[in-house]
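Please keep the sequence and the structure in view while reading.

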Amino acid sequence: MQDKYYEFIEKINKITGINLSLYKEKQMKRRIESFIRRHGFEEYDDYYKFIKDDQNRIREFLNYLTINVSEFFRNPAQWDILEKDIIPNLISNNNSLKIWSSACASGEEPYSVALLLRKINFDKAEIIATDIDEDALERAKKGLYNEKIITNVPEDLKRRFFIKRKEEYEISDDIKNMVKFIKLNLLTDPFPKGIHLILCRNVLIYFTEEAKEMIYKKFNESLADDGILFVGSTEQIIMPHKFGFSSIKSFFYRKIS
Ligand SMILES: C[S@@+](CC[C@H](N)C(=O)[O-])C[C@H]1O[C@@H](n2cnc3c(N)ncnc32)[C@H](O)[C@@H]1O
């Protein structure tokens, strides 16, 4: 395959607004080339011609690039810290909470937060959930999950808030109504303000260092004083002070005010 990667991603940026040069190159290139070959093409140009005027093909390509793998209460030990330490602390300092799940995939993460808040009977929270992938957001609104994805949901919450539908489980309207889903590209869109807790997990690993740093700074501006950033298990921030954060537990950072 001729090395036309940069030309290709520039054209993709023009037709989709997604700047793939801010994603780690080696990984992204390998993924794209394997996808192109799977469709029977050997050159970037030929594949670009194949998709450029066809919204379905463009969508299929983007869908493949945005890896939506997620599950409820992913890395349970970290959710335990969130439940027992971080959230009680935020509640004791704020009458109401504004929470943002910033790469929410098909809703598993923001719905986990909603379940946790229901569990502790806290009803003064606004939960915003965003992702770049419109198909994932549509799935999130439907709220249908297979058994494996909800494995970590405690049994009592499963019984209270999931309805069995054939092979899948639907999350109750009660929980659905607690979350507002919006399309947002972390690399280009403005961020919401006054947030008490940002979850940004298992997406920054795909971005270049430059993109990550830009996002850390924007998260800092997005947080209210003493707000918390919760990252994924391979995404510790190397020098949190540089971006206005102090590390309070592994994977949790507090905005320095
Ligand atoms: C692996 S999932 C992580 C889901 C969830 N946060 C978790 O930890 O289980 C990564 C998500 O990031 C989204 N994503 C990728 N690039 C993005 C961008 N530039 N802006 C917003 N979301 C993005 C993908 O669509 C995907 O849903």
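A residue is taken to be near a molecule if one of its heavy atoms lies within 4 Å of it. The model is predicted, so local features need pLDDT of at least 70 and side-chain atom pairs count only at pLDDT 80 or more, while totals for chains, interfaces and linings use all residues. Residues are numbered from 1 along each chain as its sequence is written, and side-chain values use heavy atoms, with hydrogens and water left out.

## The ligand and its surroundings

The ligand is surrounded by 21 residues, and the closest are Tyr 23, Ser 70, Arg 74, Asp 131 and Asn 202. Sorted by class, this shell contains 11 nonpolar, 5 polar and 5 charged residues. In this sorting, Ala, Val, Leu, Ile, Met, Phe, Trp, Tyr, Cys and Pro are nonpolar, Asp, Glu, Lys and Arg are charged, and the others, Gly among them, are polar.

| Residue | Part of the residue | Distance to a ligand nitrogen atom |
|---|---|---|
| Ala 103 | backbone N or O atom | 2.8 Å |
| Asn 185 | polar side-chain atom | 2.9 Å |
| Ile 132 | polar backbone atom | 3.4 Å |

On its own, the ligand has 600 Å² of accessible area, and the protein covers 99% of that. Accessible areas come from the Shrake-Rupley method with a 1.4 Å probe, and for residues only the protein chains shown count as cover.

The space taken by the ligand is the largest pocket. On a 1 Å grid over the protein atoms alone, a pocket is an open set of points with protein on both sides within 12 Å along at least five of seven lines, whereas a cavity is a set of points where a 1.4 Å probe fits but cannot get out; lining residues have an atom within 4 Å of a point. A molecule sits in a cavity or pocket if more than half of its atoms lie within 2 Å of its grid points.

## Residues in helices and strands

Helices (H or I, at least four residues) and strands (E, at least two) are DSSP runs, numbered from the N terminus. A residue is buried under 20% relative accessible area, exposed over 50%, and partly exposed in between, with a 1.4 Å probe and protein chains only.

Is Thr 130 buried or exposed? Thr 130 is buried, because its relative accessible area is 1%. This residue belongs to strand S2, which covers residues 125-131, and the side chains of Thr 130 and Trp 100 are joined by a polar contact of 2.9 Å.

Lys 176 is part of helix H9, residues 173-176. Lys 176 counts as buried because its relative accessible area is 14%. The side chain of Lys 176 reaches the backbone oxygen of Lys 142 at 3.1 Å.

Ser 92, in helix H5 (residues 76-93), is exposed because its relative accessibility is 57%. A polar atom of the Ser 92 side chain lies 2.9 Å from the backbone oxygen of Asn 89.

Two further residues are partly exposed. Ile 15, found in helix H1 (residues 5-16), has a relative accessible area of 34% and is therefore partly exposed. Lys 98, placed in strand S1 (residues 97-101), is also partly exposed because its relative accessibility is 25%.

## Two loop residues with positive phi

Phe 73 is not a glycine, yet it has a positive phi of about 50°. Phe 73 is located in the loop between helix H4 (55-65) and H5, and it counts as buried because its relative accessibility is 8%.

Asn 121, again not a glycine, has a positive phi of about 60°. Asn 121 is found in the loop between helix H6 (108-119) and S2. With 67% relative accessibility, Asn 121 is therefore exposed.

Technical notes
Polar contact = N/O pair within 3.5 Å; in protein donor to acceptor, adjacent residues only side chain to side chain.
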